[in-house]
Structures are given as C-alpha cells and as structure tokens.
Amino acid sequence: MYVLRRLLALVGVLIVSSFLVFSAMYAAPGSPENFLVQGRTVTPEVLAAIREQYSLDDPFFVRFWNWLTNVLQGDFGQSLTNRQEVGDLLANRLPTTLSLVALSALIIVILGIGLGIIAGVRDGIVDKIVLLGSTVGFAVPTFFAALLLMSVFSVGLGWFPVFGSGTGFLDRLWHLTLPALALALPSAAVVARITRTAIREERDSEHSVMAIARGVPARIVLRRHVIRNSMLPVSTIVGVHIAGLIAGSFVVEYAFTLDGLGTLLVTAVQRKDFAVVQAIAIILVAGFGIINLLVDLLYAAIDPRVGTRHAS
Amino acid sequence: MKKKNVAVGLVAAVSLALTGCAGGGTTSPAPSLSTDDLLVTTPEATGELDLATWNLPFGEPASLDPIKAFNYPENTVVANLCEGLMQLQPDYSIKPNLAESVDSPDASTYVYTVRQGVQFWDGETMTADDVLYSLSRQLDPAEGSYWAGGLINNVASIEKTGDWEVTVKLVEPDATFNSYMVTPIGTIVEQAYRESAGETFGTPAGGVMCTGPYSVGDWNEGQSISLLRNDDYWNTDKVAKTKQVDINFIVDSAAIANALNTGAIDGSYDVPLGALSTLQNSTEGTLNLGRSLQLVAIIGTGNGAFADPAVRKALMLATDREAIADTVFEGTAQASRSLIPNNGWAYGNSEFEAGREDLTPTGVDIDAAKAALEDATVDLSQPIKIVYPSERTYYADIISEISNGASAIGLTVEPTGVPSAQFGAFFSDPEARAGSDAFVTNNYMDVPDPLAFLRTIVGTDGSQNYNDYSNPKVDDLLSQAAAANDEDDRASLVNEIQDIAMADLPWIPIVDPSVRLFLNNRVTGVPASFVYLYYPWAADLGASGK
C-alpha cells in the first residue's frame with residue numbers, strides 16, 4: 001500500500017516536472033529549425049517546411065497535450081535532429097549510462113563504506129590517510145579526475161582504452177572502469193567521511209559501551225551494534241549520491257566519449273530537441289524517485305521501527 | 001616553423017610549384033605560414049588495410065541524406081558514400097564523375113551525359129531517371145533541401161533530354177553552376193530507394209542508397225559509424241584501399257588528442273585547436289597542414305558603429321591578425337589578405353595572384369587605421385558588440401585581440417557569447433541579429449570559385465549578405481563575371497569585385513585556417529587540401545608501409 005502510494009506520487013511528480021521542462025525549453029531562446037540547418041543560410045520556405053513537418057507552429061498547450069497523450073500511449077515521439085524514434089534512440093544509450101551508474105554505485109558502496117568503516121574502527125595513521133584521501137577525492141572535480149585517470153592509465157600506461165563504451169560484458173567493464181572511477185570519486189569520498197563519523201558516533205554510544213562492558217565480544221558489537229546502526233544515515237547519503245550519478249554522468253561521458261544519456265541530453269538541450277529532452281528528463285526524475293523509494297525500503301530492512309512508523 | 005612536420009608528397013610538390021607563393025607580409029617579419037608549405041595531398045598509400053579508424057571532431061552527422069548534408073560532420077561522411085555528377089579533385093580541378101561528360105553551349109545551359117554501367121550498392125543500375133529525380137529534389141520544398149535557394153533559385157528547368165542525357169537550363173547565365181555538381185546539389189541517390197524509405201531516408205534506420213566507394217555499415221549512435229568498401233565500385237581504378245573505416249564522433253579536444261596520440265584513432269581532419277600542442281609533438285603520427293578554402297571572419301549586421309565602412313576598415317587595420325594566426329591558431333592559419341581564402345580558385349591563377357598583391361597587406365597599421373577612422377560618420381563612442389557561440393572559446397580569444405586593436409584607435413569592442421542553439425539563428429533570422437553589431441563565422445567556400453563565394457557576401461540577394469549590402473556596380477560585375485565564358489576574363493572581373501569588397505568590407509576577414517589533418521604513421525594517402533567535404537577521401541586511405 002505504502003509502495004503504491006509512493007509510486008502514484010512519483011507519477012504526479014513526473015507529469016509536473018515534464019511540464020516544467022517543456023515550458024523551460026519553450027521559453028529558452030533559439031529555435032530548433034535554426035539549429036537543424038547548423039548556421040547555414042537557407043530560404044524561409046525551407047524553414048517553413050521544417051516547422052510544418054515537426055508541428056513547431058502549434059500553440060504551446062496543444063503541443064504539450066499532444067506530447068502527453070502520445071506518451072501515455074507509449075509513443076515518445078521523434079527526435080527533431082535525426083528523425084529517429086526517441087524510444088530507439090534511448091534504447092541505444094540507456095545500457096551505457098546504466099552500466100556506468102551501476103559500476104559507479106558499486107565503487108561508491110565498496111570503496112566509500114569500506115574505507116569509512118576502516119577509518120572509523122582504526123585510529124591513527126590509517127584513519128589519517130583515509131581522511132586525507134577523502135578530502136582530496138572530494139576536492140578534485142570529476143572532469144579533472146577523468147583527465148588525470150585517462151592520462152595516467154590510458155595514455156601513460158596503456159591499461160585502459162581512451163574512448164568508447166565497448167561491447168559485451170567484459171569489454172564494457174574494461175571500457176567503463178576509468179569513467180566509473182572518475183564519476184564515483186567525489187561521492188565515494190563523501191560516503192567514506194559520513195560512514196567514518198557514523199561509526200565513531202555509534203562506537204561511543206551508550207548501547208555499544210554497555211555491550212562491551214557486559215563482555216560481548218568486540219566483533220559482534222561492531223557488526224550488530226556499531227555497523228548496522230551507522231548504516232542508517234549512510235544509506236540515505238549513498239542513495240542520494242547514486243541518484244545524482246545519472247544526471248552527473250554527462251561530464252565523464254563527454255570526457256571519455258561514451259554514448260550515454262548525459263551527452264544525448266546536453267546536445268538535445270542545445271538543439272531544443274523537445275521529445276528527446278522530455279524523455280530523458282522523465283528517466284532522470286523516475287530514476288531519482290525509484291532510488292529514493294528503494295532507500296526508504298532499505299531503511300525498513302535495517303531498522304524495523306522505520307517500517308512501522310510509515311505504516312501507521 | 002619547427003612546430004609542424006611537413007611531409008611533401010609528389011603530387012603536392014608538382015601542384016605547389018604551379019601555384020607559387022602569394023604571401024604578402026612585407027610589413028611584418030612574423031613567421032606567418034606561407035602557402036608553399038601547405039600540402040595538397042599526403043604520400044600515396046602503398047598497401048591495403050583491413051580496418052582504419054577516423055574521427056569527426058564536430059560530432060555525429062544528423063542525417064546521411066545528401067540534401068541535408070551542409071556541414072562538416074555530414075559532408076565528411078556522405079562524401080564517401082554518395083557521388084556527384086562531377087567530382088572535385090585534391091588540386092581543386094573538377095572532373096566528370098557520374099556524368100560521363102558535360103556540354104555547356106552557353107553559361108545558361110548544361111547538358112549532362114549520364115555515365116552508363118554505374119551500379120548502386122544494391123546492384124540496381126543508375127539511370128538518367130535517377131539523375132533527373134536527384135537533381136529535382138532540390139526544387140521540391142517538401143524535400144527540404146538545405147541547399148535550396150541561391151544557386152537553385154536560378155534553375156529554370158531540369159529535363160531528361162535523351163536516354164542517357166539530362167539538361168539543366170538556368171534563368172540567368174552562371175558559369176559557376178557546373179562546379180556545384182561536385183556538391184550535394186549534383187549528388188545522385190536511387191529514386192526507388194528514396195521513395196520507399198520515406199521519412200526514414202538518411203537516418204540510422206533508413207540509410208541511403210548511392211554509388212560511392214563505400215556503403216554504410218553499422219551506425220552505433222553516439223559513438224561511431226562504419227563505412228564498408230564497395231567491392232563492385234564502378235570506377236575500378238579508384239576502389240577503396242581500406243576494407244572498413246570506422247568513423248568516431250569524439251568532440252572533446254583532450255579526448256581527441258589522447259585518441260590520436262595513442263594510436264587508438266588513425267586520423268582526423270579539423271583536429272581542434274586545443275589538441276594541437278599534443279599532436280604537434282606526437283611520435284605516433286604527423287600533423288599535416290593542407291591548402292584550405294576556409295575563412296574566419298567578422299560579419300557586420302548593419303547595426304551600430306560597425307555599420308560604417310570606415311570603422312570596419314579601421315578595425316581591420318588595427319587588429320593584429322598575424323598574432324591571431326600565430327597564437328590562437330598556433331601557426332596553423334594565415335592572416336587573411338582578402339575575403340577570398342588564399343589559393344581558393346581552380347582557374348585564373350595568375351590573375352587572382354596579381355589581384356591579391358594589390359590589396360592592403362595584412363600587417364597592423366595604427367596610423368592608417370586612425371586615418372581611416374576620420375572618414376567615419378557614426379557615433380564612435382558606442383561599444384561594438386561582436387557575438388560568438390560561447391562553447392567555442394577560441395572566438396573569445398580572437399575578439400579580445402580585435403578589442404586590443406580597437407582600443408588603440410579609441411574604439412570599444414565588446415565580445416558577447418551566446419549558446420550555439422541561439423547563435424545558429426544569426427545566420428537565418430534578422431530578428432536574432434537585431435541587438436548586435438557583428439558576429440563571427442568560420443566560413444568556407446562551397447567550391448573553389450571566388451565568384452561563387454563573393455556573390456553570397458556582396459551580391460544584393462546574396463545568401464550570406466547580412467547587412468543589406470547593395471552596390472549596383474558590384475551586382476553588374478557579378479552578372480558579367482557569371483556570364484563570362486573565358487576564365488581569365490572572369491578572374492579579372494572577380495578581382496574588380498574583390499577590390500570593392502575589400503574597400504567596403506561587409507565582412508572583416510581575420511584568418512585563413514589551414515586544413516589540420518593528423519595521420520598516424522601507419523596510414524597515408526588522403527588529400528590534405530579542403531576537398532574532404534565532397535571528395536571520397538577515405539577511398540585513398542591505406543597503409544603507409546611503416
């Protein structure tokens with residue numbers, strides 16, 4: 001019931017956000033047919049023919065209504081730029097972005113939480129190194145990390161390819177490792193920080209101190225009381241960061257020339273390619289909503305009290 | 001010129017000996033590029049290759065339909081797929097191609113004898129009907145050709161006048177018409193295929209059907225497109241040397257530099273300025289500089305102080321264009337002496353070279369600039385707004401150099417960046433231009449004919465005449481030149497037009513960028529001159545034997 005309600009709310013959010021995006025695109029300067037002809041001087045007749053073909057002269061609400069009713073029937077429309085079905089266009093791009101985001105998420109979880117736990121549990125030099133590393137990781141912008149990784153591991157050492165997203169599972173993994181690392185770096189740094197703080201707080205909390213005092217083995221205290229409890233704030237932050245990856249993937253997609261959604265979105269916005277922008281906006285919003293929903297469900301799994309609170 | 005490695009091929013040597021040196025630069029000792037150094041082609045390939053990789057630095061083509069191909073990405077690909085009635089050669093000469101011959105009894109009539117025995121990729125034979133259909137697509141507004149207007153408006157009729165003959169008649173005589181048959185205006189597609197493909201023609205789903213040395217293989221959207229060798233190519237002397245060419249769409253200049261410098265990609269035309277420093281020192285390959293038809297210029301909109309020819313003249317004289325060529329373009333461009341890119345002609349060589357010598361040299365002359373400014377009749381205190389697409393930062397560098405020159409003579413120049421979607425409108429929408437005084441252009445001649453190029457800029461109805469320039473004398477000279485059958489006569493008439501254009505300066509020419517071609521050591525053969533938009537360059541690409 002709770003999940004259903006959340007999903008319905010998500011649909012509402014999707015409609016509102018797509019309307020906002022549509023309005024913003026409509027209001028932005030420039031016109032798609034001018035971009036189509038790429039700054040070439042063409043006759044007014046040709047421009048008129050293009051406007052006619054794409055119904056660019058219809059009033060604003062008519063265009064939005066037509067778009068919305070078509071989407072509800074499963075038709076996302078045609079790209080203005082290359083006259084392709086948006087569905088086909090996205091079907092080619094989605095796997096790259098999804099694999100990139102999945103790989104980054106994995107890196108954030110393993111690297112971020114793993115290092116955070118180590119730094120939280122161990123004091124001294126290990127903690128200092130992780131702290132320093134996370135500061136650097138957070139401070140380095142994604143595009144710079146991409147350039148750095150590329151020039152060291154692709155150009156310098158030749159271990160990884162310099163562009164492209166590969167075909168087949170292993171090839172794709174090989175192609176996407178550096179981009180995913182560059183994309184995950186700042187988030188992993190934040191997650192490591194938060195994990196470390198949460199672990200330290202839990203270690204000093206009354207129930208942990210009490211458990212240790214009662215003679216419960218340190219390992220069990222760590223696993224059952226410290227790590228599990230500290231995962232509540234950590235899962236929120238991981239969820240938010242993973243959801244943000246989809247939108248943030250543009251920078252690495254551009255730097256590594258990956259055929260993902262991010263690059264498609266940016267070119268589509270530049271060209272005022274309505275149908276494509278709308279479809280990607282929907283995917284981004286839906287992705288964000290679904291990941292947040294999953295995080296909330298994960299909450300309930302970590303802490304049973306959370307679930308009962310929502311059900312009431 | 002220690003920065004560039006110039007590999008001079010045999011053809012290059014021969015052809016450059018013919019063109020000689022037209023470099024001015026008498027007022028400045030700056031090491032500006034002389035035309036002698038510019039290549040026409042690269043050394044011929046010695047062997048075949050199974051696979052070569054290429055890059056399109058301006059991104060993915062939007063369509064493969066020839067009539068929608070009017071820019072670098074589309075034309076660079078389509079040139080290998082679809083062929084014209086005529087073909088532009090690396091030395092800028094024009095040869096019959098899908099036409100066996102052309103006969104022009106006068107400058108208003110062009111009779112094309114269609115070549116027999118030419119097959120489309122699907123094995124169908126090309127007929128005069130395909131030719132008639134393809135040429136007529138330009139006239140049909142529903143087809144939406146980007147090439148419509150200008151030259152096409154002057155077409156009176158296109159008719160099939162024999163089993164293997166198609167005749168084009170023009171309203172006004174135009175000696176440049178035939179040279180446009182090398183462009184998509186003269187490109188032939190299969191009628192039956194075009195009609196059945198409908199709206200998908202030219203897209204990754206629908207593709208195209210042409211006669212060229214390559215056909216379309218996999219189109220991996222957002223990433224690359226494969227060209228596959230046409231083993232049954234009609235011109236058996238020119239069958240492609242490489243079995244498959246994968247063309248990538250990498251646009252980031254750092255990524256391009258890395259891909260070329262590691263050998264992940266074999267070659268690219270138009271390598272971005274940001275990649276030059278890496279590529280000039282590459283051990284993996286060579287940066288070749290080729291003869292070009294390109295021009296970077298500032299176009300007046302007819303507004304503000306820039307509307308006064310005296311102001312434009314003063315700005316040109318005060319701007320250190322040689323510095324722009326040397327720094328912004330890192331020595332890969334020449335300061336422009338004329339609105340006609342240097343060596344941008346296929347006839348009248350001695351006439352054009354002599355005409356060029358009469359023009360003002362390219363060096364800075366502040367005194368002359370100040371003198372020119374005295375003739376100005378406008379309010380000189382108003383800032384001059386020059387618009388550029390903000391994604392292309394090198395324009396900002398160019399405009400800031402112009403601004404330096406302007407302040408030396410008491411003028412103010414303001415660079416204004418706009419997003420490229422908005423910038424595109426400057427070329428077709430007068431309303432978009434309304435608020436600004438000038439905008440930048442990276443222009444190129446469609447065909448190596450100065451008449452065809454100048455006509456678009458200074459003709460009253462010129463397609464690139466953005467400031468309503470109109471001079472009855474120029475219009476008269478343009479029609480005379482278009483009707484002139486003798487090429488030297490035409491060249492000397494064009495020189496007269498050039499003199500007026502360089503005095504009135506509807507555009508301020510800044511630099512002539514050379515072709516920037518990077519080739520890995522293992523490949524060679526492609527032309528280095530600016531013909532890759534219409535000439536099947538990939539068919540010449542092969543192994544260097546190194």
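## A tour of chains A and B

Start where the two chains meet: select 43 residues of chain A and 40 residues of chain B, which make up the contact (two residues are in contact if their C-beta atoms, placed from the backbone, lie within 7 Å). What you have open is a predicted model, in which local features need pLDDT of at least 70, side-chain atom pairs count only at pLDDT 80 or more, and totals for chains, interfaces and linings use all residues. Residues are numbered from 1 along each chain as its sequence is written, while chains are lettered from A and ligands numbered from 1 in the order in which they are written.

**The chain A side.** Colour helices H2 (32-36), H3 (44-53), H5 (86-121), H7 (142-156), H10 (218-255) and H11 (261-270) of chain A: these are the elements that give two or more residues to the side touching chain B. Helices (H or I, at least four residues) and strands (E, at least two) are DSSP runs, numbered from the N terminus. H3(A) gives the most to this side, with 5 residues. By type, the residues on the side of chain A that touches chain B are 19 nonpolar, 17 polar and 7 charged (Ala, Val, Leu, Ile, Met, Phe, Trp, Tyr, Cys and Pro count as nonpolar, Asp, Glu, Lys and Arg as charged, and the others, Gly among them, as polar).

**A helix pair.** Next, keep H5(A) and H11(A) on screen. Their axes (lines fitted to C-alpha atoms over the stretch in contact) are 8 Å apart, at an angle of about 125 degrees. Angles run from 0 to 180 degrees between N-to-C directions. The pair is therefore oblique, the class left over once angles under 35 degrees count as roughly parallel, over 145 as roughly antiparallel and 65 to 115 as roughly perpendicular. Show A:Arg93, A:Leu94 and A:Thr97 of H5(A) against A:Leu261, A:Gly262 and A:Leu264 of H11(A) to see the contact.

**Into chain B.** Now display chain B, with its 16 helices and 21 strands. Its C-alpha trace spans about 70 × 55 × 45 Å along the principal axes. Buried residues (20 or more other C-beta atoms within 10 Å of their own) make up 57% of the 546 residues in chain B.

**The core.** Finally, look for the largest nonpolar core, with 241 residues; such a core is a set of buried Ala, Val, Leu, Ile, Met, Phe, Trp, Tyr and Cys residues joined through C-beta atoms within 7 Å. B:Ile386, B:Leu454 and B:Ile497 have the most contacts inside it. Centre on B:Leu454: beyond its neighbours within four places in sequence, B:Leu454 touches B:Leu339, B:Ile340, B:Val494, B:Ile497, B:Gln498 and B:Ala501.

How values were computed
Buried ≥ 20, exposed ≤ 12 C-beta atoms within 10 Å, placed from the backbone.
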